[in-house]
Amino acid sequence: MLIKFSKKYDTKPSEITSENNFLTRRRFIQSSLISGASLLSPLGVFAGQPTNNIFSNIKKMSFGANEKLTSFKGITNYNNFYEFGTGKTDPAQYSHLLKTEPWTVEIMGMAKKTGKFSISDLIKPSELEERIYRLRCVEAWSMVIPWVGVPLSSIIKRFEPNSKAKYIAFETLVDKKQMPGQNSKFIDWPYIEGLRMDEAMNPLSILAIGLYGKPMPNQNGAPIRLVVPWKYGFKSIKSIVKISFVENEPKTTWNQLAPREYGFYSNVNPNRDHPRWSQKEERRITGESGLGALFTPKIKTEYLNGYAEEVAHLYKGMDLKQFF
Ligand code: MTE
């Protein structure tokens with residue numbers, strides 16, 4: 001996902017967060033998720049859940065299970081999260097500055113119910129699922145990630161969008177102190193993304209609050225992010241603070257920055273090259289032989305990232321080279 005920046009592919013051992021450190025850092029988030037439950041709201045759900053149970057009994061649903069998972073280190077040390085800088089290791093290095101509790105997501109627009117909600121208002125622990133998905137970045141690398149989340153459709157339904165709501169738009173937090181990358185004017189913050197409503201309602205679209213059975217690491221978009229596995233990774237917006245039901249196709253960050261390169265749909269499509277590189281192949285990052293993608297052998301990119309059976313019907317009659 002890049003316009004003019006040089007890329008760093010290697011991570012120094014000192015920059016790698018061990019899982020141990022990660023868990024210590026995250027423990028307070030787990031407990032604060034629970035304490036948030038005392039602020040019961042109309043959709044309140046976490047009340048009475050013992051801390052350790054939040055991520056237990058997660059239903060396992062697999063959509064990439066026979067492929068090797070990318071290691072936790074790989075997933076958490078090779079990130080795109082420009083709010084913390086444009087280098088691949090910047091998010092791991094600086095995202096501890098992000099305070100994810102308390103956190104509110106504002107739901108607005110064309111729906112019967114709107115307002116501000118905490119994560120515990122939005123996510124019912126009983127609905128949490130593990131979804132193993134391929135994530136294909138537009139930069140032609142990919143990972144296989146065991147997300148923990150809930151279907152976006154089940155959250156949307158609770159707000160009862162009306163028939164005018166044809167699209168859904170998402171926004172990331174803006175806070176230069178917590179997100180030092182926002183001092184750069186290269187992106188007109190906030191980072192924004194959108195989906196057509198039928199894409200959002202597709203059972204594959206999820207809002208994720210964790211990975212590898214643990215709360216979401218900050219560098220991966222804590223406390224809540226979108227995951228749309230058949231689209232290039234940049235559609236999967238992180239650290240969401242606003243969700244709007246809207247009538248018209250929303251503007252999106254990368255489409256505004258480089259409309260010839262990044263369209264609204266951004267479906268993974270090996271048959272449509274990026275204007276500056278091929279999309280036919282990708283390097284699968286396992287995170288074991290160095291964290292970057294440079295030395296990993298190339299594999300073929302599949303149409304719609306291998307999820308055509310589940311989502312190709314959404315684009316029936318559309319020329320995906322034109323609506324890229
Ligand atoms: N969301 C925000 N807010 N800011 C970003 O820079 N980068 C996107 C996407 N979501 C990005 C974002 C891109 S380009 C990719 S490939 C994925 O996040 C990377 O997700 P990961 O770092 O968890 O693998």
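In this predicted model, a backbone N or O atom of Asn80 lies 3.2 Å from a nitrogen atom of the ligand, a polar contact in the sense of a pair of N or O atoms within 3.5 Å. Side chains contribute as well: an N or O atom in the side chain of Glu83 is 2.8 Å from a ligand nitrogen, and one in the side chain of Arg225 is 2.6 Å from a ligand oxygen. The protein covers 99% of the 540 Å² of accessible area that the ligand has on its own (Shrake-Rupley method, 1.4 Å probe).

Around the ligand there are 16 residues, each with a heavy atom within 4 Å of it; Tyr82, Glu83, Arg225, Ser236 and Lys238 are the closest. By class, this shell comprises seven nonpolar, six polar and three charged residues, with Asp, Glu, Lys and Arg counted as charged and Gly among the polar ones.

Turning to the aromatic rings, the whole structure holds 14 aromatic pairs (ring centres within 6.5 Å). One of them joins Phe234 and Tyr262 edge-to-face, at 5.4 Å centre to centre and 75° between the planes; planes over 60 degrees apart count as edge-to-face, under 30 as stacked and the rest as tilted. This pair links distant parts of the chain, 28 residues apart: Phe234 is in the loop between strand S10 (225-227) and strand S11 (240-246), and Tyr262 in the loop between helix H7 (253-257) and strand S12 (281-284). Helices (at least four residues) and strands (at least two) are DSSP runs numbered from the N terminus.

Residues are numbered from 1 along each chain as its sequence is written, and side-chain values use heavy atoms, without hydrogens or water. As the model is predicted, local features need pLDDT of at least 70 and side-chain atom pairs count only at pLDDT 80 or more, whereas totals for chains, interfaces and linings use all residues.

Methods:
A polar contact is a pair of N or O atoms within 3.5 Å; within protein, one must be able to donate a hydrogen and the other to accept it, and residues adjacent in sequence count only if both atoms are side-chain atoms. Rings of Phe, Tyr and Trp (its six-membered ring) pair if their centres lie within 6.5 Å; planes under 30 degrees apart count as stacked, over 60 as edge-to-face and the rest as tilted.
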